[in-house]
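Hi,

Here is the structure I promised to pass on. Have a look at it first, and then read my notes on its aromatic rings below.

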Amino acid sequence: MVSLHKHSFKAMGSRCEIQFYASEAAASGIIHNAVARLEALEAKYTRYRPKSVTSQINRAAGGGEPVEVDSETAGLLNYAQVLFEQSDGLFDITSGILRRVWNFRSGKLPEAERLQQLLPRIGWQQVRWEAPYFYLPTVGMEIDFGGFVKEYAADQLVALLKAEGVEHGLVNLGGDIAVVGPHPDNAPWQVGIQHPRKQEQAIARIPLSRGAIATSGDYERFMLIDGERYCHLLNPRNGLSIRPQRISVTVIADQCLLAGSFASVAMLKSETDTNWLADSGVHYLQIDQNLSMDGNLVN
């Protein structure tokens with residue numbers, strides 16, 4: 001007899017949860033394997049551990065020798081290139097270095113001189129990428145998979161759960177959600193969409209039976225200075241916090257990686273183009289500065 005199992009834990013800097021229907025005998029093994037897979041991905045792609053792939057690539061920057069990567073990392077690097085191109089350069093995994101000057105807990109804007117010093121080290125167009133060899137040409141240049149690796153991991157856990165025989169379940173990695181399948185009675189999972197201005201409150205609930213859902217917003221990390229909001233979404237061209245006309249974008253897609261990428265790019269582009277998602281073919285919900293919602297998910 002199968003029953004609903006829930007397991008919460010922390011990984012990738014986020015609160016994570018898996019829910020699935022399985023027998024008591026199988027549940028503990030499924031949880032163990034899922035957590036182990038997520039921990040392996042975190043160890044592989046975090047920039048905080050010296051043995052990670054990310055750290056190896058960053059240490060080699062400017063040294064003259066490219067780093068040979070495995071097929072999984074090659075896939076992620078190819079995806080980073082697509083994101084860079086499709087976003088007109090706004091989604092750039094070399095821009096993570098801006099964290100050195102942006103401290104959203106400080107209540108202070110970066111010093112202009114320090115910010116300008118970092119800009120020459122940013123730009124995917126500078127990297128040398130011919131699989132399986134990747135190279136950052138400038139000392140101090142870095143990549144950071146943090147912009148989409150959690151969404152990739154959610155898809156990986158769904159694949160693992162299915163391989164374990166799970167037909168009904170959900171993976172939630174810090175709000176990036178991927179569905180294995182609906183509840184056994186075919187009822188959908190009810191996914192709450194974070195209210196962008198009220199913590200711990202949902203502004204909408206969306207039923208989801210398959211696929212994935214992800215949200216990007218200006219409320220995740222930010223600081224207010226003289227009434228002005230500076231969010232964690234940074235323009236890699238000038239290093240400045242963007243002024244999005246949308247404060248939250250939620251996207252449903254077949255894969256969490258796609259949902260998260262569309263949501264992030266839509267937020268980045270909303271500074272100048274508020275309708276970028278209209279012709280994308282995905283289901284979406286956008287919230288503007290007046291908390292008005294639009295999109296094809298709005299009833």
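One definition before the rest: a residue counts as buried under 20% relative accessible area, as exposed over 50%, and as partly exposed in between. Keep in mind that this is a predicted model.

I went through the whole structure for aromatic pairs, and the search came back with nine. Take Trp-102 and Phe-104: their ring centres are 5.4 Å apart and their planes meet at 15°, so this pair is stacked. How accessible are the two partners? Trp-102 has a relative accessibility of 6%, so it is buried. Phe-104 comes out at 14%, which makes it buried too.

Then there is the pair of Phe-262 and Trp-276, which is tilted, with 5.8 Å from centre to centre and 35° between the planes. Where do these two sit in the chain? Phe-262 belongs to helix α6 (residues 256-269), while Trp-276 is in the loop between α6 and β14 (283-288), so the pair links distant parts of the chain, 14 residues apart. Phe-262 has a relative accessible area of 21%, and because that falls between the two cut-offs, it is partly exposed. Trp-276, at 22%, is likewise partly exposed.

Two more things to look at while you have it open. Tyr-45, Tyr-79, Phe-91, Phe-145 and Phe-148 come together in one aromatic cluster. And Arg-229 lies over the face of Phe-222, 4.0 Å from the ring centre.

Cheers

Note on methods:
Residues are numbered from 1 along each chain as its sequence is written. This is a predicted model: local features need pLDDT of at least 70, side-chain atom pairs count only at pLDDT 80 or more; totals for chains, interfaces and linings use all residues. Side-chain values use heavy atoms; hydrogens and water are left out. Rings of Phe, Tyr and Trp (its six-membered ring) pair if their centres lie within 6.5 Å; planes under 30 degrees apart count as stacked, over 60 as edge-to-face and the rest as tilted. Buried means under 20% relative accessible area, exposed over 50%, partly exposed in between (1.4 Å probe, protein chains only). Helices (H or I, at least four residues) and strands (E, at least two) are DSSP runs, numbered from the N terminus. A charge sits over a ring if NZ of Lys or CZ of Arg is within 6 Å of the ring centre and within 35 degrees of the ring normal.
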